[in-house]
Amino acid sequence: MAGPQPGAGRPTEDPRIRAAGVLFHTSALLERFLGAAIQREAGISHSVFEVLLILADQPQGTPVGALCERLVLTSGGATRLVDRMVEAELVTRKPSPQDRRVQLVLLTGRGEETLRLAAAAHTAELDRLLGAALEPAEAAAMTRALDRLGQRLRTELPPLR
C-alpha cells in the first residue's frame, strides 16, 4: 500500500494508518461478537475454540510447540491453555511415539462435541455479521487478502519463547 512519505501531512490523513486502524478495530469487534457467541453456546473462549479447530485437523495429535506457532503464544501460555483444556476434559495429552519428551495434544469426545457447538455458533454469527455487510465476493476477496497478509507476517515473526 503506497502513500505519502512518513512525516508528510497529518498522521490522521495517512491512508496506511487509517487502513491499520480499520483492520484493528474491526478485528476487535469481530472477536468480541464471535467470542460472546461461542461462550454463550459452547461455554468456551475463542482461544479454546482455536485450539479445538487445530486439533480437529490432526487426529494423531499435535505437539504443544506446534500450537504455540499456530496461535502465536509463548510455550508457557500454550501450556497453561492446554492445562485448562485437560481439566475441562476437552483434550488429553500423550507422549509422542517418535520422541517421548514431546507431548501430543488430542481431542476427546467432549472436545469434539464442544467444537461442533462452538463452530455452529461461530458460523451463525459470521453469517449474521458478514452477510449483512459484505457480498459473498467481497468476503472471499477479503479472506484471500488477509490470508496473504497473515502468511507474509508469519515469515517475519520471531520465535516466541
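Residues are called buried when their relative accessible area is under 20%, exposed when it is over 50%, and partly exposed in between, with a 1.4 Å probe and protein chains only. The structure is a predicted model, in which local features need pLDDT of at least 70 and side-chain atom pairs count only at pLDDT 80 or more, while totals for chains, interfaces and linings use all residues. Residues are numbered from 1 along each chain as its sequence is written, and side-chain values use heavy atoms, with hydrogens and water left out.

The protein chain contains 6 helices and 3 strands, where helices (H or I, at least four residues) and strands (E, at least two) are DSSP runs numbered from the N terminus. Read from the N terminus, the elements follow the order α-α-β-α-α-β-β-α-α. Along the principal axes, the C-alpha atoms fill a box of roughly 60 × 35 × 25 Å. Of the 161 residues, 26% count as buried. The chain exposes about 10900 Å², of which carbon and sulfur atoms supply 57%; accessible areas come from the Shrake-Rupley method with a 1.4 Å probe, and for residues only the protein chains shown count as cover. Contact means heavy atoms within 4.5 Å. Among contacts between residues at least 6 apart in sequence, 50% join residues at least 24 apart.

Helix H3 spans residues 64–71, and its buried residues are Val64, Leu67, Cys68 and Leu71. These residues lie on the same side of H3, because they cover an arc of only 105° around the axis, the arc being that of the directions from the helix axis to the C-beta atoms. An α-helix has 3.6 residues a turn, so residues three or four places apart point the same way. Glu69 and Arg70, on the other side of H3, are exposed. The cover over the buried residues of H3 includes H2, strand S1 (62–63), helix H4 (75–87) and S3. Leu67 of this helix is buried, because its relative accessibility is 1%. With neighbours within four places in sequence left aside, Leu67 is in contact with Val51, Ile54, Leu55, Thr62, Val72, Val82 and Val105. The C-alpha atoms of Leu67 and Glu50 are 9.6 Å apart, and the two residues are 17 apart in sequence. Just after H3, Val72 takes a positive phi of about 55°.

A positive phi also occurs at Glu89, where the value is near 60° in a residue other than glycine. Most residues other than glycine have a negative phi. Glu89 belongs to the loop between H4 and strand S2 (91–95). The backbone oxygen of Glu89 lies 2.6 Å from a polar atom of the side chain of Thr108. Thr108 itself is in the loop between strand S3 (103–107) and helix H5 (109–133), and counts as buried because its relative accessibility is 16%. The side chain of Thr108 also reaches the backbone nitrogen of Gly111 at 3.0 Å. Beyond four places in sequence, the contacts of Thr108 are Glu89, Leu90, Val91 and Thr92.

His46 lies in helix H2 (residues 46–56) and is buried, at 15% relative accessibility. Its side chain makes a polar contact with that of Glu31 at 3.5 Å. A polar contact is a pair of N or O atoms within 3.5 Å; within protein, one must be able to donate a hydrogen and the other to accept it, and residues adjacent in sequence count only if both atoms are side-chain atoms. With neighbours within four places in sequence left aside, His46 is in contact with Glu31, Leu34, Gly35, Ile38 and His122.

On the surface, Leu23, Phe24, Met142, Leu146, Leu149 and Leu153 form a nonpolar patch with about 540 Å² of accessible area together. Patches are made of residues with over 30% relative accessible area and no salt bridge; like charges are joined within 9 Å, and nonpolar side chains (Val, Leu, Ile, Met, Phe, Trp, Tyr) within 5 Å. Helix H1 (15–42) and helix H6 (136–156) each supply at least two residues of the patch, and the largest share, 4 residues, comes from H6.

The structure holds 9 salt bridges, each a side-chain nitrogen of Lys or Arg within 4 Å of a carboxyl oxygen of Asp or Glu. One of them joins Asp14 and Arg16 at 2.6 Å, N to O; Asp14 is buried at 10% relative accessibility, whereas Arg16 is partly exposed at 27%.
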